[in-house]
Amino acid sequence: MCDHQPMSDPLQTPPSHQTPAGGEGLYPVQGIVISTMLCSLAAAIFMLYSNYQSLGNPSLARKIAFGGGLLYLLLISASSAMTPNLGLAVGAMVVQGTIAYFLASALQGEAISYHREHGGLIYSNFRAIMVGFITGFVLLFALVALTLLYAGVTGDLTAPPAAAPGVESGLPT
């Protein structure tokens with residue numbers, strides 16, 4: 001008979017016999033940072049949450065979800081108050097990546113290293129990036145849904161005016 005267990009991530013090495021009983025994988029610090037740089041800090045928060053759940057610490061998972069969610073909302077609020085430009089986008093990417101690196105390495109770096117050294121399953125960076133993209137799409141759809149809900153409740157479904165009030169277009173009427 002075949003003693004084969006399906007792997008959850010085809011791009012990583014199979015777990016050894018020393019893999020902890022739960023068989024839960026962890027996202028590596030590098031994957032968390034790459035995913036954050038390409039996608040969003042929300043992806044890092046989700047992966048840190050997932051790592052704490054896999055490590056059997058739901059209390060810390062809830063704390064990272066709550067604190068990370070507040071931090072994410074603060075960063076989104078701050079960046080939405082600024083005029084969008086390429087410099088702001090690059091700056092936001094660097095800030096989010098730096099935050100993700102410090103959070104992941106300070107909070108979970110040693111646990112991830114220990115898990116890896118003892119034969120634990122470590123997810124690939126590719127999987128972390130895919131989690132980031134999925135997180136980004138979920139946030140995009142949530143934003144669209146909230147915008148439509150707000151517009152439906154307030155009744156403001158009109159397009160913004162083409163010209164500011166009181167400004168002549170110069171066209172004959």
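Residues 24 or more positions apart account for 77% of the contacts in the protein with a separation of 6 or more. Here contact means heavy atoms within 4.5 Å. The model is predicted: local features need pLDDT of at least 70, side-chain atom pairs count only at pLDDT 80 or more, and totals for chains, interfaces and linings use all residues. Residues are numbered from 1 along each chain as its sequence is written, and side-chain values use heavy atoms, with hydrogens and water left out.

The protein has five helices and zero strands. Along the sequence, the pattern reads α-α-α-α-α. Helices (H or I, at least four residues) and strands (E, at least two) are DSSP runs, numbered from the N terminus. Of the 173 residues, 28% count as buried. Buried means under 20% relative accessible area, exposed over 50%, and partly exposed in between, with a 1.4 Å probe and protein chains only.

Two helix pairs were examined. Helix 3 (residues 58–80) packs with helix 4 (residues 86–117) at an angle of about 165°, and their axes are 12 Å apart. Helix 3 is therefore roughly antiparallel to helix 4. Axes are lines fitted to C-alpha atoms, for helices over the stretch in contact, and angles run from 0 to 180 degrees between N-to-C directions. Angles under 35 degrees count as roughly parallel, over 145 as roughly antiparallel, 65 to 115 as roughly perpendicular, and the rest as oblique. The crossing of helix 3 and helix 4 is right-handed. A crossing is right-handed if the near helix is turned clockwise from the far one by less than a right angle, and left-handed if anticlockwise. On the helix 3 side, Ile 64, Leu 71, Leu 75 and Ser 79 take part; they meet Leu 88, Val 95, Gln 96, Ile 99 and Leu 107 of helix 4. Seven residues of this contact are nonpolar, two are polar and none is charged. Ala, Val, Leu, Ile, Met, Phe, Trp, Tyr, Cys and Pro count as nonpolar, Asp, Glu, Lys and Arg as charged, and the others, Gly among them, as polar.

For helix 2 and helix 5, the axes come within 8 Å and cross at roughly 120°. This crossing is right-handed. Helix 2 contributes Ala 42, Ala 43, Phe 46 and Met 47, while helix 5 contributes Ala 128, Val 131, Gly 132, Thr 135 and Leu 139. This contact has seven nonpolar residues, two polar and no charged.

The largest nonpolar core holds 24 residues, of which Tyr 27, Ile 32, Leu 41 and Met 47 touch the most other members. A nonpolar core is a set of buried Ala, Val, Leu, Ile, Met, Phe, Trp, Tyr and Cys residues joined through side-chain atoms within 4.5 Å. Helix 1 (29–38), helix 2 (41–54), helix 3, helix 4 and helix 5 (125–154) each give two or more residues to this core. Helix 2 gives the most, with eight.

Leaving aside neighbours within four places in sequence, the contacts of Tyr 27 include Ile 32, Met 47, Ile 112, Tyr 123 and Val 131. Pro 28 lies in the segment before helix 1. Pro 28 counts as buried, at 6% relative accessibility. Beyond residues up to four places away in sequence, Pro 28 touches Ile 112, Arg 116, Ile 122, Tyr 123 and Asn 125. Thr 36 is found in helix 1. Thr 36 is buried, with a relative accessible area of 2%.
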